Amino acid sequence: MRLLFRQRIFSWLDSYDIYDENNCVVYRVEGKLSFGHCLYIYDNNHEHIGTIKEEVLRLLPRFRMYINDQ
């Protein structure tokens, strides 16, 4: 399955819709204010399925992905 995303132009924080090949929204990604980047991933039923957090005190950027907060 191919996925593509589009960023909302007028958004205070990072916010994306992720579409499938039929141009239907499959996932939604929303940025939240935190220390470093923090993105929350929601499925089509608006249920939280994962989180991507940046480890901030590093020389190079590094991110961790948590599925169902694990």
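Salt bridges number 5 in this predicted model. Side chains of opposite charge can pair when their charged atoms come close.

Glu 55 meets Arg 64 in a salt bridge, with N and O 2.2 Å apart. Glu 55 also pairs with Arg 58, here at 4.0 Å from N to O. These residues belong to a network of salt bridges that links Glu 55, Arg 58, Arg 62 and Arg 64. How exposed are the arginines? Arg 58 has a relative accessible area of 43%, so it counts as partly exposed. Arg 64 is also partly exposed, because its relative accessibility is 39%.

Another salt bridge joins Arg 28 and Glu 30. Their closest N and O atoms lie 3.0 Å apart. Arg 28 has 29% relative accessibility and is therefore partly exposed.

Arg 28 is among the contacts of Ile 41, counted beyond four places in sequence. Tyr 27 and Val 29 are on that list too.

Which residues make up the largest nonpolar core? Ile 41 is one of its 5 residues, with Tyr 16, Ile 18, Val 29 and Leu 39. Strand 2 (15-19) and strand 4 (38-42) each give two or more residues to this core. In soluble globular proteins, nonpolar side chains tend to be buried together.

Notes. Residues numbered from 1 in each chain as written. Predicted model: local features only at pLDDT ≥ 70, side-chain atom pairs only at ≥ 80, totals over all residues. Heavy atoms only, no water. Core = buried A, V, L, I, M, F, W, Y, C linked by side-chain atoms within 4.5 Å. Buried < 20%, exposed > 50% of the residue type's maximum accessible area, 1.4 Å probe, protein only. Helix = DSSP H or I, 4+ residues; strand = E, 2+ residues; numbered from the N terminus. Contact = heavy atoms within 4.5 Å. Salt bridge = Lys/Arg side-chain N within 4 Å of Asp/Glu carboxyl O.
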